[in-house]
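Thanks for coming, everyone. I would like to walk through one structure this morning, starting with one of its chains and then turning to how the chains meet.

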Amino acid sequence: MKKSLIGLAIATLILVLLAYFFGGTELVLAGLERAFGNTKKAALMILASFLLIGQLLSIVDENMVSRTLKSIKGLRGIITSALVGGLFPVGPYLFFPFVKMFHGYDLPYYILIAFIFGKHTYDFARIPMEISLISHRIALIRYLTTLPIPIIAALITYLLFRNRTLAQINHRSTDSEVV
Amino acid sequence: MSITTAILALVALALFVFNARQKGQQVTGLITGLTLLLKNLPIILLSLILAGMVEVLIPHDFVRNWLSAEAGIRGVLIGTLGGIMLAMGPYATLPIVSSIYVSGAGIGTVIALISSWSLLGISKTPHEAAHLGGKYVAYKTILGLILSFLAGCVGLSLEYLGL
């Protein structure tokens with residue numbers, strides 16, 4: 001968090017300097033004016049978005065997700081897994097250790113792919129932010145066009161790997177390295 | 001208050017009521033949301049300033065020739081590859097994407113950008129490699145690149161159709 005804030009501050013400073021270099025104080029002020037306008041426009045939406053995200057975070061928990069993933073298979077499993085992935089409201093620091101937990105279970109790779117792609121593509125907690133920071137029209141078109149991505153990814157994975165698990169796939173590569 | 005804000009507030013209220021009835025953790029949810037907002041506020045404000053600067057700095061000729069709907073597949077391709085480079089979280093990335101869109105980028109480009117950032121953003125790779133292995137990263141990258149590009153192409157087609 002601190003690192004990304006510092007990185008962002010440096011990037012912002014560089015752009016402010018660039019604006020000053022290319023257009024002087026006038027261009028810097030124009031940029032700040034746009035920023036202020038966008039902030040004013042999105043402030044209430046951002047507040048509503050975070051209130052929504054907070055509720056979502058406290059409703060969906062790891063146990064619920066884990067229970068669902070272990071009990072599904074087939075096309076219905078792919079769709080459920082993708083949707084549950086989209087509902088799973090945690091960042092990468094918690095998400096990948098959580099996914100790794102399934103290494104020991106007989107969870108097919110295609111279900112895992114549907115879950116991960118669903119998380120990244122749908123991420124329902126991100127919808128309010130997409131709506132408030134970009135536009136509801138773009139958010140809607142983006143969701144509709146990327147809706148099939150986790151399902152297509154999982155179906156391709158099923159065709160390639162059938163019911164094999166992540167552990168089996170990783171062990172096979174380790175075995176071949178040993179040989 | 002815009003209609004979008006009203007809808008978001010209504011959904012938040014509905015989730016609050018649902019949470020109160022099903023789990024009884026509605027206050028925790030409220031506190032979590034506000035804490036998350038406060039924690040992310042510096043990032044949101046900085047990225048909004050950054051986005052404002054992008055809006056005034058980005059050359060219109062560049063947007064028209066490389067990122068707009070007129071740029072066609074080229075714009076989608078740049079969006080797909082550009083998304084990988086956006087190594088930031090949603091609160092920083094989305095204002096930047098917004099500034100690119102406001103500057104005139106096409107819908108196909110924007111969709112490819114968001115899609116490839118969310119699937120392939122370079123900041124995720126170390127976590128994925130560490131927890132799921134290099135083979136998974138390679139497989140996901142190939143799939144993600146193809147599917148993000150295709151999603152961008154669908155967006156571009158919709159734009160050509162006038163949607």
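Two residues are in contact here if their C-beta atoms, placed from the backbone, lie within 7 Å. By that criterion, residues 24 or more positions apart account for 83% of the contacts in chain B with a separation of 6 or more.

A word on provenance: this is a predicted model, in which local features need pLDDT of at least 70 and side-chain atom pairs count only at pLDDT 80 or more, while totals for chains, interfaces and linings use all residues. Residues are numbered from 1 along each chain as its sequence is written, and chains are lettered from A and ligands numbered from 1 in the order in which they are written.

Chain B has eight helices and zero strands, where helices (H or I, at least four residues) and strands (E, at least two) are DSSP runs numbered from the N terminus. Its C-alpha atoms fill a box of roughly 50 × 45 × 30 Å along the principal axes.

As for the interface, 67 residues of chain B are in contact with 65 residues of chain A, and the largest share of the chain B side, 23 residues, comes from α2(B).

Finally, B:Leu50 is among the residues that touch the most other members of the largest nonpolar core, which has 93 residues; such a core is a set of buried Ala, Val, Leu, Ile, Met, Phe, Trp, Tyr and Cys residues joined through C-beta atoms within 7 Å, buried meaning that 20 or more other C-beta atoms lie within 10 Å of a residue's own. Leaving aside residues up to four places away in sequence, B:Leu50 touches A:Leu8, A:Ala11, A:Thr12, A:Leu15 and B:Ile96.

Conventions
A residue is buried if 20 or more other C-beta atoms lie within 10 Å of its own, exposed if 12 or fewer, and partly exposed in between; C-beta atoms are placed from the backbone.
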